[in-house]
Amino acid sequence: MSATSDSHGLRFKDKVAIVTGGCCGIGRGCVDVMAEQGGKIAVLDLNDKVGNTLSSVSTSGEIFYVHCDMTKEEEIKNAIKQVAEKYGQIDCLVNNVGTHPGSKTIDELTVEGFKDLLNLNLVSNFTASKYALPYLRKSKGNIVNITSISAHSGTGLASSYCATKGGCLSLTKALAIDEAKNGVRVNSVSPGCIDTPLFRSVEKAGGREIDEERLKYIGSLHTLNRIGQPREIGKACLFLAVDATFTTGEELMCTGGCELGSGVKYALPYLRKSKGNIVNITSTSAHSGTGLASSYCATKGGCLSLTKALAIDEAKNGVRVNSVSPGCIDTPLFRSVEKAGGREIDEERLKYLGSLHTLNRIGQPREIGKACLFLAVDATFTTGEELMCTGGCEVGYGVKQ
Ligand SMILES: NC(=O)c1ccc[n+]([C@@H]2O[C@H](COP(=O)([O-])OP(=O)(O)OC[C@H]3O[C@@H](n4cnc5c(N)ncnc54)[C@H](O)[C@@H]3O)[C@@H](O)[C@H]2O)c1
């Protein structure tokens with residue numbers, strides 16, 4: 001039995017999660033993965049036809065459907081209360097609900113339409129977080145917001161959609177800072193193209209036939225040369241909920257590497273045979289720099305770039321390449337660097353170093369181990385990415401209330 005599974009190997013046994021928009025698509029992928037791992041999953045959705053069948057799905061946990069229009073504050077508030085009353089706790093909130101208005105120029109989009117979209121895609125995340133947090137603070141739980149690669153790269157003919165997703169990213173970082181002192185972590189998952197009813201309906205509305213050729217073309221825009229599946233996002237949420245104990249305010253990319261390189265893909269003998277993967281341990285110093293450590297930081301920046309470039313070359317061989325960037329981790333190296341700098345590693349010093357991290361502590365080696373295990377096993381639509389296990393030390397301006 002590992003530290004994060006029960007005697008039957010269930011990783012989410014008796015944990016209670018809320019998944020908004022969990023009837024179909026990505027939300028359903030999250031519901032299935034978390035319930036199979038023993039979780040009690042409440043689905044807040046308005047698709048009663050699917051919702052009413054969910055309690056009979058055979059799984060190691062259970063699924064509870066609550067009819068809830070996620071654009072209505074009162075309904076969200078009542079639904080969350082209902083879940084808390086039924087299970088007595090809430091451990092995780094997955095803010096997944098969202099839609100896409102289809103490919104339109106700003107001239108074709110209306111201001112009212114944008115406000116409606118904002119209400120569903122972003123305000124719902126704020127509202128559900130607001131009403132779930134009193135329970136999450138008690139359970140030391142966590143929030144996962146489903147954003148999108150479009151928040152970074154933009155997508156043509158989707159200005160209103162991209163704007164809502166950028167908002168979700170910023171909400172994630174800001175809430176992570178505020179809630180760290182309450183023991184609640186807040187992270188996001190950014191999917192690339194995932195095969196869901198929404199993905200198919202946007203394609204169809206754009207007059208595009210979703211046949212094998214089209215799927216092959218869209219797949220080719222991703223470094224992994226395929227589009228993703230809802231369960232792959234579910235596995236990312238499970239990782240963030242269970243194992244990512246030194247990760248907050250971060251974004252986990254499940255994009256098939258679609259933002260890497262310049263859209264051109266070119267081309268380890270054993271890994272190619274096993275369709276294995278590489279994890280490079282880099283450092284948050286590669287981004288932020290660290291005083292009196294120029295050569296160290298430079299080497300770590302190199303590791304990051306190597307990760308991205310190799311990910312592009314090796315995708316066609318079935319090999320994924322990712323990195324983990326730790327913050328301060330309590331290891332012999334960390335202690336020897338402190339000592340060599342003439343600093344005594346006593347409780348006061350550890351407390352001070354911890355206070356530089358949003359989670360208010362330094363990390364442990366096993367927390368990096370769990371990130372590597374996730375990348376090796378479950379991160380099947382993730383390549384060329386960097387998983388931050390930094391205790392959120394780079395979130396905000398280093399000032400904590
Ligand atoms: N599919 C992709 O390629 C993709 C890529 C990036 C991000 N995303 C994001 O992932 C999330 C899920 O997308 P999807 O593709 O699975 O969508 P989907 O349309 O396939 O599923 C959305 C679910 O939300 C429910 N829903 C819609 N409006 C609701 C409302 N007002 N109240 C309650 N429930 C409501 C639907 O009934 C459905 O079950 C969205 O936030 C989307 O922006 C999707």
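1. Lysine 13 is partly exposed, since 16 other C-beta atoms lie within 10 Å. A buried residue would need 20 or more, an exposed one 12 or fewer. This is a predicted model.

2. Where does lysine 13 sit in the chain? Lysine 13 belongs to the segment before strand S1 (16–20). Not counting residues up to four places away in sequence, lysine 13 touches Asp6 and Gly38. Glutamine 37 is 24 residues from lysine 13 along the chain, yet 6.2 Å separates their C-alpha atoms.

3. Next, the helix pair. Helix H3 (residues 73–87) and helix H4 (residues 111–139) have axes that come within 10 Å and cross at roughly 30°. Angles under 35 degrees count as roughly parallel. H3 and H4 are therefore roughly parallel to each other. Their crossing is right-handed.

4. Which residues make this contact? H3 supplies Glu73, Ile76, Lys77, Ile80 and Ala84. H4 supplies Ser124, Thr127, Ala128, Tyr131, Ala132 and Tyr135. By class, the contact of H3 with H4 has seven nonpolar residues, two polar and two charged.

5. Now the ligand. There are 27 residues around the ligand. Gly21, Gly25, Gly98, Thr196 and Leu198 come nearest. Which elements give two or more residues to this shell? They are helix H1 (25–36) and helix H7 (197–205).

6. The make-up of the ligand shell is worth a separate entry. Its residues divide into 15 nonpolar, ten polar and two charged.

Conventions. Residues are numbered from 1 along each chain as its sequence is written. This is a predicted model: local features need pLDDT of at least 70, side-chain atom pairs count only at pLDDT 80 or more; totals for chains, interfaces and linings use all residues. Axes are lines fitted to C-alpha atoms, for helices over the stretch in contact, and angles run from 0 to 180 degrees between N-to-C directions. Helices (H or I, at least four residues) and strands (E, at least two) are DSSP runs, numbered from the N terminus. Angles under 35 degrees count as roughly parallel, over 145 as roughly antiparallel, 65 to 115 as roughly perpendicular and the rest as oblique. A crossing is left-handed if the near helix is turned anticlockwise from the far one by less than a right angle, and right-handed if clockwise. Two residues are in contact if their C-beta atoms, placed from the backbone, lie within 7 Å. Ala, Val, Leu, Ile, Met, Phe, Trp, Tyr, Cys and Pro count as nonpolar, Asp, Glu, Lys and Arg as charged, and the others, Gly among them, as polar. A residue is near a molecule or strand if its C-beta atom, placed from the backbone, lies within 6 Å of it.
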